[in-house]
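Please keep the sequence and the structure in view while reading.

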Amino acid sequence: MERFRDPSVAIHVEAGQAFAIELRANPTTGYTWSADPPQPCIQLSEQTFVLESEGIGGGGLEVFRFEARQPGRAEVIFHYRRPWGGPPRETTSFQIVVA
């Protein structure tokens with residue numbers, strides 16, 4: 001499965017292909033990434049956190065796994081915020097092209 005981290009480069013995948021978007025995160029701060037609802041050409045299949053440090057309070061990667069369902073274009077917008085409210089601390093978006 002291809003993994004992507006750079007929002008400045010469009011993601012090109014084939015229909016039926018699974019891919020992942022990885023974003024740096026540290027949920028011990030209370031902040032987590034959320035994704036706006038996907039468009040018809042892609043579907044979010046899983047969201048997980050992968051710890052990169054064994055230390056207490058260590059950060060890692062929040063991994064969003066998607067399935068490319070049908071040809072088309074999508075923009076997925078991610079917000080880094082605390083679930084209990086307030087504006088996002090950070091927002092980023094990825095452009096996806098499904099062939």
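In what order do the 4 strands of the open sheet with E1 stand?

## Basis of the description

This is a predicted model, in which local features need pLDDT of at least 70 and side-chain atom pairs count only at pLDDT 80 or more, while totals for chains, interfaces and linings use all residues. Residues are numbered from 1 along each chain as its sequence is written, and side-chain values use heavy atoms, with hydrogens and water left out.

## The sheet with E1

The order is E1-E3-E6-E5, and the pairing in this open sheet is mixed. Its edges are formed by strand E1 (2-4) and strand E5 (42-51), each of which pairs on one side only. On average, neighbouring strands of this sheet are turned by 25° against each other, direction ignored. Strands are DSSP runs (E, at least two residues) numbered from the N terminus, and two strands pair if DSSP finds at least two bridges between them. For the angles, axes are lines fitted to C-alpha atoms, and the values run from 0 to 180 degrees between N-to-C directions.

Strand E3 (residues 18-25) and strand E6 (residues 60-68) run antiparallel and are joined by 8 bridges. Here Phe-19 stands opposite Phe-66 in E6.

## Glu-62 in strand E6

Strand E6 also contains Glu-62.

Beyond its neighbours within four places in sequence, Glu-62 is in contact (heavy atoms within 4.5 Å) with several residues, including Ile-21, Leu-23, Trp-33 and Phe-49.

## The sheet with E2

Another open sheet of 4 strands has the order E2-E8-E7-E4, with mixed pairing. E2 and strand E4 (32-35) are at the edges with a single partner strand each, so one side of each has no neighbour in the sheet.

Strand E2 (residues 11-13) runs parallel to strand E8 (residues 90-98), and 3 bridges join them; Val-13 stands opposite Val-98 in E8. Strand E7 (residues 72-81) pairs with E8 in the antiparallel sense over 9 bridges. Opposite Phe-78 stands Thr-92 in E8, and opposite Val-76 stands Phe-94 in E8.
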